[in-house]
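Please read the report below alongside the sequence and the 3D view.

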Amino acid sequence: MEWRPPFPLDLAAVLGPLSRGRGSLNFRAHRGVWWLAANTPGGKGTLALLRRPDGVVEAAAWGDGADFLLAGVPALLGAEDDDTGFAAHHEVLAQARHEHPGLRLGSTGRVWDALVLAVLEQKVTGKEAIRSWAQLCRWFGTPAPGPAPEFLRVPPDPAAVLSIVDWNWHRIGVDLQRRTTVIEAARVAPRLEEAVQLAGAEGRARLRKVRGIGVWTAAEIAQRAWGDPDAVSFGDYNIPSMVGHALLGHRIDDEAMARLLAPYAPHRQRAVRYLETSGVRAPRYGPRIELRDYRAM
């Protein structure tokens with residue numbers, strides 16, 4: 001299929017929240033094409049996206065989930081995003097919005113894949129989480145349907161997750177607390193998918209009914225599953241510092257960030273995304289976080 005966005009589109013910025021670099025075995029740009037392997041209501045599927053010089057997006061899909069993935073291309077690329085009411089109360093945000101008119105909040109329309117990755121990212125470094133995610137997809141996922149790159153894998157679905165024995169969770173470096181959360185989510189996965197239709201705070205509340213899914217995890221899922229414009233990842237190690245340095249010139253904590261972003265509701269996450277896309281970074285001080293290898297425990 002071909003789709004011409006009726007708005008400026010920064011493809012890399014819109015799809016960026018789905019990617020984790022080379023550890024993203026289910027989503028990655030490869031030789032000019034964006035590849036997504038996903039679980040859908042119809043089954044496993046692969047989606048390929050190519051942006052032509054004339055602005056048209058070419059999309060192709062394979063597998064039992066192909067129809068779902070093709071139908072969801074506009075939403076994935078931000079067609080359902082609505083920034084009505086957003087106003088920049090800080091000059092740095094006004095400038096970021098001006099410089100990035102193609103930034104929109106996309107939505108996959110699905111909770112499960114985003115949920116597993118978000119849980120794996122709880123309370124560990126990004127390097128640890130992506131290592132576990134890559135091993136989970138490689139060992140317990142399935143090859144992406146169609147003529148996809150060899151590395152592309154569909155993440156394990158709920159049934160596959162429930163079949164993983166404790167020893168294998170240990171091998172991929174996932175501790176008891178995180179594996180328990182993923183397993184409990186797998187048992188009620190259909191109910192969690194309903195969060196996409198509920199959306200907003202109600203959708204995040206549905207996700208949080210699973211023990212181990214808190215404010216941060218629910219926000220990370222909501223940002224990807226339904227492009228939630230107000231779901232800020234409170235509890236994140238880096239975001240309060242980034243927001244504080246961008247808007248105030250110094251580091252702040254979650255409580256201060258909540259006060260600072262309050263005028264942007266219901267677009268607080270949109271404000272954060274503009275700052276992230278503009279390249280704002282907080283200065284790095286102190287030692288790096290020590291990597292923990294749960295496989296050695």
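The protein chain, shown here as a predicted model, is divided into domain 1, covering residues 2-85, and domain 2, covering residues 111-206. Taken over C-alpha atoms, the centres of domain 1 and domain 2 are separated by 20 Å. To the contact between them, domain 1 gives 18 residues and domain 2 gives 23 residues.

**The interface between the domains**

Between them, domain 1 and domain 2 bury about 1700 Å², and 67% of this area lies on carbon and sulfur atoms. On the side of domain 1, Arg 20, Leu 25 and Lys 44 supply 37% of the area that this domain buries against domain 2, which is more than any other three residues supply.

Polar and charged interactions also cross this interface, where two salt bridges are found between domain 1 and domain 2, and where seven residue pairs are in polar contact, counting pairs with both residues at pLDDT 80 or more. Lys 44, already named for its share of the buried area, also takes part in a salt bridge, in which its side chain meets that of Asp 157 at 3.2 Å, N to O.

**Cavities and a pocket**

The structure holds two cavities of 30 Å³ or more.

| Space | Volume | Lining residues |
|---|---|---|
| Largest cavity | about 300 Å³ | 23 residues |
| Second largest pocket | about 360 Å³ | 18 residues |

Among the residues that line the largest cavity, Leu 18, Leu 36, Ala 38, Thr 108 and Asp 113 are the closest to its centre. In the second largest pocket, the lining residues that lie nearest the centre are Glu 80, Ser 107, Val 196, Ala 225 and Trp 226.

Sorted by class, the lining of the second largest pocket consists of seven nonpolar, six polar and five charged residues.

How values were computed. Residues numbered from 1 in each chain as written. Predicted model: local features only at pLDDT ≥ 70, side-chain atom pairs only at ≥ 80, totals over all residues. Heavy atoms only, no water. 1 Å grid on protein atoms, 1.4 Å probe; cavity = no way out; pocket = protein on both sides within 12 Å on 5 of 7 lines; lining within 4 Å. Points joined across faces, edges and corners; volume = space filled by probe spheres on them. Nonpolar A, V, L, I, M, F, W, Y, C, P; charged D, E, K, R; others polar. Domains from an automatic or database assignment. Contact = heavy atoms within 4.5 Å. Buried area = accessible area lost by both parts, 1.4 Å probe. Salt bridge = Lys/Arg side-chain N within 4 Å of Asp/Glu carboxyl O. Polar contact = N/O pair within 3.5 Å; in protein donor to acceptor, adjacent residues only side chain to side chain.
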